[in-house]
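Me: I have a new model open and want to learn how to read it. Can you take me through it feature by feature?

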Amino acid sequence: WKEGWVEFRDRKVARHVADLLNTHAVGGHRKYLYRDDVWNIKYLKGFEWHQLAEEQHREKKLQRAAYQEEQARLADQNERYVQNKMLDQEHRERKAAMAQKRQTLAAAQAAK
C-alpha cells in the first residue's frame with residue numbers, strides 16, 4: 001500500500017471527500033492494476049500540514065541515525081576482523097620462525 005496526503009482549503013470539503021471515498025473501490029478500467037483495491041481515507045481532525053513535515057523530518061532523522069549506527073558497527077566489526085587477521089599472520093610467522101630455528105638447531109646438533 002502507498003501512503004499519501006491531501007490538503008484541502010475547506011474543512012467541509014475534506015470531510016465530504018473522506019466520507020465519500022472511504023471503503024470504496026479505486027475503480028477504473030478493468031486492466032488497471034489497482035482497480036479492485038479499496039480506498040482507506042480518514043479526515044484527521046485538528047491535524048495541520050506542518051505536523052506532517054515535522055513527522056517526516058523526525059522519521060528521516062531516525063533513519064539516518066540508524067544507518068550511521070549500523071555503519072559504525074560494521075566499521076568496528078571490520079576493524080576487529082583485520083586486526084585478528086594481522087595477529088593471526090604474526091602468530092603464524094613466529095611459529096614458522098621457531099620451527100625453522102628448531103630445525104636449524106637439530107641439524108647443527110646432528111652434525112656434531
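Reply: Start with one residue. Glu59 is partly exposed, at 40% relative accessibility. Glu59 sits in helix H2. Keep in mind that this is a predicted model.

Me: How far apart are Glu59 and Tyr34, in sequence and in space?

Reply: Compare the two separations. Glu59 and Tyr34 are 25 residues apart in sequence. Their C-alpha atoms are 28 Å apart in space.

Me: Now the whole chain. How many helices and strands does the protein chain have?

Reply: Count the elements before judging the fold. The protein chain has two helices and zero strands. Its radius of gyration is 34 Å, while the globule rule gives 13 Å for 112 residues, so the chain is more spread out than a compact globule.

Me: What box do the C-alpha atoms fill?

Reply: Read the box along the principal axes. The C-alpha atoms fill roughly 110 × 40 × 15 Å.

Me: What share of the residues is buried?

Reply: Burial needs a cut-off: under 20% relative accessible area counts as buried. Buried residues make up 3% of the 112 in the protein chain. The chain exposes about 11,100 Å², and carbon and sulfur atoms supply 53% of that area.

Me: Which contacts should I look at for sequence range?

Reply: Take contacts between residues at least 6 apart in sequence. In the protein chain, 33% of these join residues at least 24 apart.

Me: How do I read the aromatic rings? How many aromatic pairs are there?

Reply: Look at the distance between ring centres and the angle between ring planes. The count here comes to two aromatic pairs. In one, the rings of Trp5 and Phe47 have centres 5.5 Å apart and planes at 10 degrees, so the pair is stacked.

Me: Why does the Trp5 and Phe47 pair tie together parts that are apart in sequence?

Reply: Trp5 lies in the segment before helix H1 (11–21), and Phe47 lies in the loop between H1 and helix H2 (49–111), so the pair ties together parts that are 42 residues apart in sequence. Trp5 is partly exposed at 37% relative accessibility. Phe47 is partly exposed too, with a relative accessible area of 33%.

Me: What geometry do Tyr32 and Tyr34 show?

Reply: Tyr32 and Tyr34 form an edge-to-face pair. The centres are 5.8 Å apart, with 75 degrees between the planes. Tyr32 is partly exposed at 41% relative accessibility. Tyr34 is partly exposed at 43%.

Me: What about backbone angles? What is phi of Thr23?

Reply: Most residues other than glycine have a negative phi. Phi of Thr23 is near 65 degrees, a positive value in a residue other than glycine. Thr23 is found in the loop between H1 and H2.

Me: Is Thr23 buried or exposed?

Reply: Check the relative accessible area. For Thr23 the value is 60%, and over 50% counts as exposed, so Thr23 is exposed.

Me: Where does Leu44 lie?

Reply: Leu44 lies in the loop between H1 and H2. Leu44 is partly exposed, with a relative accessible area of 37%. The C-alpha atoms of Leu44 and Ala18 are separated by 9.7 Å. Along the chain, Leu44 and Ala18 are 26 residues apart.

Technical notes: Residues are numbered from 1 along each chain as its sequence is written. This is a predicted model: local features need pLDDT of at least 70, side-chain atom pairs count only at pLDDT 80 or more; totals for chains, interfaces and linings use all residues. Side-chain values use heavy atoms; hydrogens and water are left out. Helices (H or I, at least four residues) and strands (E, at least two) are DSSP runs, numbered from the N terminus. The radius of gyration is taken over C-alpha atoms; the globule rule is 2.2 Å times the number of residues to the power 0.38. Buried means under 20% relative accessible area, exposed over 50%, partly exposed in between (1.4 Å probe, protein chains only). Contact means heavy atoms within 4.5 Å. Accessible areas come from the Shrake-Rupley method with a 1.4 Å probe; for residues, only the protein chains shown count as cover. Rings of Phe, Tyr and Trp (its six-membered ring) pair if their centres lie within 6.5 Å; planes under 30 degrees apart count as stacked, over 60 as edge-to-face and the rest as tilted.
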